[in-house]
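This report describes selected features of one protein model. Please view the sequence and the structure below before reading on.

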Amino acid sequence: MSAPNSSGLPGIAQLRDIVGAVMTVGLFLSVLALIVSAIVRGFGANSSNPHPASRGKTGVLVPCGAAILCGAAVTPINFFWTVGQAVN
């Protein structure tokens, strides 16, 4: 089994930093969307307006899914890398 070549291309360390920064930004945006959606849900529920309440409820679930995808993005890549290395 061979390991990825981390010195084969110039700028690979910077690319790794960029990917990490993008994942961090994704998590920050998920938290921001969760806060905004919770506020919309609260206003919709307190004003007896079902449309914003329903949209806020959906908006709370979507950022949670996005945060899960950002946090778990490395796991499927590592899994498929291992599977690919097992193919002869």
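In which helix does I68 lie? I68 lies in helix α2, which comprises residues 50-72.

## Basis of the report

The model is predicted, and local features are given at pLDDT of at least 70, side-chain atom pairs only at pLDDT 80 or more, while totals for chains, interfaces and linings use all residues. Residues are numbered from 1 along each chain as its sequence is written, and side-chain values use heavy atoms, without hydrogens or water.

Helices are DSSP runs of H or I with at least four residues, strands are runs of E with at least two, and both are numbered from the N terminus. I68 counts as exposed because its relative accessibility is 57%; buried means under 20% relative accessible area, exposed over 50%, and partly exposed in between, with a 1.4 Å probe and protein chains only. I68 and L27 are 41 residues apart in sequence, yet their C-alpha atoms are 9.0 Å apart in space.

Helix α2 also holds C70 and A72. C70 has 19% relative accessibility and therefore counts as buried, whereas A72, at 33%, counts as partly exposed. From C-alpha to C-alpha, C70 and Q85 are 24 Å apart, with a sequence separation of 15 residues. A72 and L32 are 40 residues apart along the chain, and 19 Å separates their C-alpha atoms.

## The loop between α1 and α2

S48 is found in the loop between α1 and α2. Its phi is near 55°, a positive value in a residue other than glycine. Most residues other than glycine have a negative phi. S48 counts as exposed, because its relative accessibility is 65%.

## A nonpolar surface patch

V25, L29, L32, V36 and V40 make a nonpolar surface patch of about 420 Å². Patches consist of residues with over 30% relative accessible area and no salt bridge, with like charges joined within 9 Å and nonpolar side chains (Val, Leu, Ile, Met, Phe, Trp, Tyr) within 5 Å. A salt bridge is a side-chain nitrogen of Lys or Arg within 4 Å of a carboxyl oxygen of Asp or Glu.

T82 is found in helix α3, which spans residues 74-86. At 43% relative accessibility, T82 counts as partly exposed. The C-alpha atoms of T82 and L61 are 32 Å apart, and the two residues are 21 apart in sequence.

A search of the whole structure finds one aromatic pair. F79 and F80 form this pair, which is edge-to-face, with 5.1 Å from centre to centre and 70° between the planes. Rings of Phe, Tyr and Trp (its six-membered ring) pair if their centres lie within 6.5 Å; planes under 30 degrees apart count as stacked, over 60 as edge-to-face and the rest as tilted. F79 counts as partly exposed at 48% relative accessibility, while F80 counts as exposed at 58%.

## The largest pocket

How much space lies in the largest pocket? The volume is about 490 Å³. Of the 13 residues that line this pocket, P4, R16, V19, I77 and N78 are the closest to its centre. A pocket is an open set of points on a 1 Å grid where a 1.4 Å probe fits, with protein on both sides within 12 Å along at least five of seven lines; lining residues have an atom within 4 Å of a point.

The elements that give two or more residues to the lining are α1 and α3. The largest share, five residues, comes from α1.

Methods. Areas by Shrake-Rupley, 256 points an atom, 1.4 Å probe, with all protein chains shown as cover. Points joined across faces, edges and corners; volume = space filled by probe spheres on them.
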